[in-house]
Amino acid sequence: AERLRERIRPFVLRRLKRDVAPELPPRTDLVLHCELDDDERAVYDAIRAASVEAVVEQLRAGGGVMAALEVLLRLRQAACHVDLVPGQHAERSTKLELLVERLEQAVADGHRALVFSQWTALLDLVEPALGAASIDFTRLDGSTRDRAGVVQRFADEDGPPVMLVSLKAGGTGLNLTAADHVFLLDPWWNPAVEDQAADRAHRIGQTRPVVIHRLVARNTVEEGILALHARKRALSE
């Protein structure tokens, strides 16, 4: 037995979901592009113009990457909602308007949806938008104490059609097959983390086809992150 363990230790048995659960309904991945309006574009371009060149020079000179990560963070926030950027304010967000429009369509057609974001501050901004559209919702994030109660309320037949979920708190370990639509508001660097979030709905027990919507602002760093996803997935395969 010891010799066998020595020989098999370097190997991993990889079992894909389609192999172990062939009865699962199909999963469809969509990218929903939106165009920043003039005010949003002005803030995004201002951050880029003020920061990117200086950061590139620092990196060329052997500086650390923290300044670059800070700029990328601000650009990613500006692509979602200007209110996320320190010192900035906006009454509207093109991306959130697209989200609400698609949620209204989904709910009207009898579907239920999960909405993921890595930022609870962005979920805070989604809440009033859903309220204005008269879309009932529940929420699960790191501050949620009764996680089981929130999940059960969403799972009930007469429960709210939308659940807002933070990527860290709800990306793993939950069974949310009451939903058949998943909206990823902001692309994360690691596509496996997003796949884990999508798998809250597309898992054993799901009986309906699942649609994954990735909301991406055109001509922003978010498109670069999607390209990074493609390279990482190809490497993983």
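**Group meeting: strands and salt bridges**

Let me start with arginine 153, which is partly exposed at 38% relative accessibility. Keep in mind that this is a predicted model. The partner of arginine 153 is aspartate 136, and their side chains meet in a salt bridge at 3.9 Å, N to O. Arginine 153 sits in helix H7, residues 147-155. Aspartate 136 sits in the loop between helix H6 (120-132) and strand E3 (137-140). The two are 17 residues apart, and the pair links distant parts of the chain. Aspartate 136 is partly exposed too, at 41% relative accessibility.

How many salt bridges does the structure hold? There are 22. Opposite charges on side chains can pair when the charged atoms come close. I'll take two further examples.

First example: arginine 218 with glutamate 35. Their closest N and O atoms are 3.4 Å apart. Buried or exposed, or something in between? Arginine 218 is partly exposed, with a relative accessible area of 34%. Glutamate 35 is partly exposed as well, at 46%.

Glutamate 194 belongs to helix H9 and arginine 214 to strand E6, 20 residues apart. Glutamate 194 has 1% relative accessibility, so it counts as buried. Arginine 214 has 7%, so it counts as buried too. Salt bridges with shared partners join Lys17, Arg27, Asp29, Glu194, Asp195, Asp199, Arg214 and Arg233 into one network.

Now the strands. Take E5, residues 181-184.

E5 has strand partners. Strand E2, residues 113-117, runs parallel to E5, joined by 4 bridges. In that pairing, alanine 113 stands opposite histidine 181. E5 also pairs with strand E6 (residues 210-217), again in the parallel sense, over 4 bridges. There, histidine 181 stands opposite valine 211. How does the chain get from E5 to E6? The path goes through helix H9, residues 191-198, and this β-α-β crossover is right-handed. H9 is the helix that carries glutamate 194, and E6 is the strand that carries arginine 214.

Last stop: serine 117. This residue lies in strand E2. Buried or exposed? Serine 117 has a relative accessible area of 1%, and the cut-off for buried is under 20%, so serine 117 is buried. What surrounds serine 117? Setting aside neighbours within four places in sequence, its contacts are Leu122, Leu123, Val165, Ser166, Leu167, Leu185 and Asp186. The serine 117 side chain also reaches the backbone nitrogen of tryptophan 119, at 3.1 Å. One more distance. Leucine 140 is 23 residues from serine 117 in sequence and 11 Å away in space, C-alpha to C-alpha.

To recap: E5 pairs in parallel with E2 and with E6. Questions, please.

Definitions and conventions. Residues are numbered from 1 along each chain as its sequence is written. This is a predicted model: local features need pLDDT of at least 70, side-chain atom pairs count only at pLDDT 80 or more; totals for chains, interfaces and linings use all residues. Side-chain values use heavy atoms; hydrogens and water are left out. Two strands pair if DSSP finds at least two bridges between them. A crossover is right-handed if, with the strands pointing away from the viewer, the path from the first strand over the helix to the second runs clockwise. Buried means under 20% relative accessible area, exposed over 50%, partly exposed in between (1.4 Å probe, protein chains only). Contact means heavy atoms within 4.5 Å. A polar contact is a pair of N or O atoms within 3.5 Å; within protein, one must be able to donate a hydrogen and the other to accept it, and residues adjacent in sequence count only if both atoms are side-chain atoms. A salt bridge is a side-chain nitrogen of Lys or Arg within 4 Å of a carboxyl oxygen of Asp or Glu.
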